[in-house]
Amino acid sequence: MKTFTPKPADLSHDWYVVDASDMVLGRLAAQVANLLRGKNKPTYAPHADSGNHVIVINAAKVALTGNKDSKVLYTHSGRPGGLRRDSYGELMQHNPERIIMTAVKGMLPKNKLARVQMTRLHVYAGEDHKHEAQKPVEFKISQVSQQAK
């Protein structure tokens, strides 16, 4: 059996829109990571960049399960005393895009290819996005939060 390597002509970067309303954060991040890697295509190869562009809308309406409102997300500016900690509850108010970006980044492999694929993730807190010209296709995720029902 030989390893399949897609040719550059076989690689296409499609556009998808995912609505994050009432979606569980982890399930949403797993589906978005699979789309970014291109695992939904028959020409998928882990070493080739066959990923898609993914637009996540309504990031402010994502469902956090368990006790994640008090979970803390750390960043460091690189300067002395530059450690910053924000709880998920605060981030849902001010910067809900960061929660989804961090969750998706954690589900991608830790290599140079994943850093390129993360540039294709576009997250917006509300309904509006600026990528209508690319004619994105809506991607439905059937798993909805149990809390929202």
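Biologist: In what order do the elements of the protein run from the N terminus on?

Modeller: The order is β-α-β-β-β-α-α-α-β-β. Two remarks on the source first. The model is predicted, so local features need pLDDT of at least 70 and side-chain atom pairs count only at pLDDT 80 or more, while totals for chains, interfaces and linings use all residues. Residues are numbered from 1 along each chain as its sequence is written, and side-chain values use heavy atoms, with hydrogens and water left out.

Biologist: How many helices and strands are in the protein, and what makes a run count as one?

Modeller: There are four helices and six strands. A helix is a DSSP run of H or I with at least four residues, a strand a run of E with at least two, and numbering starts at the N terminus.

Biologist: What are the overall figures for the protein?

Modeller: The C-alpha trace spans about 50 × 45 × 35 Å along its principal axes. Of the 149 residues, 40% are buried. Buried means under 20% relative accessible area, exposed over 50%, and partly exposed in between, with a 1.4 Å probe and protein chains only. The accessible surface is about 9,200 Å², with 52% of it on carbon and sulfur atoms. That area comes from the Shrake-Rupley method with a 1.4 Å probe.

Biologist: What share of the contacts joins residues 24 or more positions apart?

Modeller: Among contacts with a separation of 6 or more, the share is 71%. A contact means heavy atoms within 4.5 Å.

Biologist: Why is the pair Asp49 and Arg120 called a salt bridge?

Modeller: The term asks for a side-chain nitrogen of Lys or Arg within 4 Å of a carboxyl oxygen of Asp or Glu. The closest N and O atoms of Asp49 and Arg120 are 2.8 Å apart, so the pair meets the definition. Asp49 lies in the loop between α1 and β2 (53–57) and Arg120 in the loop between α4 (112–118) and β5, so the bridge ties together parts 71 residues apart in sequence.

Biologist: Are Asp49 and Arg120 buried or exposed?

Modeller: Asp49 has a relative accessible area of 19%, so it is buried. Arg120 is buried too, at 9%.

Biologist: How many salt bridges does a search of the whole structure find?

Modeller: Three. Arg84 and Asp86 meet at 3.1 Å, N to O. Asp86 also meets Arg98, at 2.9 Å. Asp86 sits in strand β4 (residues 83–87) and Arg98 in helix α3 (residues 96–106), twelve residues apart.

Biologist: What joins Arg84, Asp86 and Arg98 into one network?

Modeller: Salt bridges that share partners. Both Asp86 and Arg98 are buried. Arg84 is at 52% relative accessibility, so it counts as exposed.

Biologist: How do you know whether Gln117 is buried or exposed?

Modeller: Its relative accessible area is 2%, so Gln117 is buried. Gln117 is in helix α4. Leaving out residues up to four places away in sequence, Gln117 touches Leu36, Arg37, Asp49 and Leu108.

Biologist: Which residues form the negative surface patch?

Modeller: Asp19, Asp22, Glu127, Asp128, Glu132 and Glu138. Patch residues have over 30% relative accessible area and no salt bridge; like charges are joined within 9 Å, nonpolar side chains (Val, Leu, Ile, Met, Phe, Trp, Tyr) within 5 Å. Asp128 has a relative accessible area of 67%, so it is exposed. Asp128 lies in the loop between β5 (121–123) and β6 (137–138).

Biologist: Which residues form the nonpolar patch on the surface?

Modeller: Val72, Tyr74 and Leu83, with about 280 Å² of accessible area together. Tyr74 is in strand β3 (residues 72–76).

Biologist: What is the phi of Asp22, and of Lys135?

Modeller: Asp22 has a positive phi of about 60°. Lys135 has a phi near 50°, also positive, and is not a glycine. Most residues other than glycine have a negative phi. Asp22 lies in the loop between β1 (15–19) and α1 (25–37), and Lys135 in the loop between β5 and β6.

Biologist: Where do Asp22 and Lys135 fall in accessibility?

Modeller: Asp22 is at 36%, so it counts as partly exposed. Lys135 is at 67%, so it counts as exposed.

Notes:
Lys and Arg count as positive and Asp and Glu as negative; His and the chain ends are not counted. The place of a charge is taken as NZ of Lys, CZ of Arg, CG of Asp or CD of Glu.
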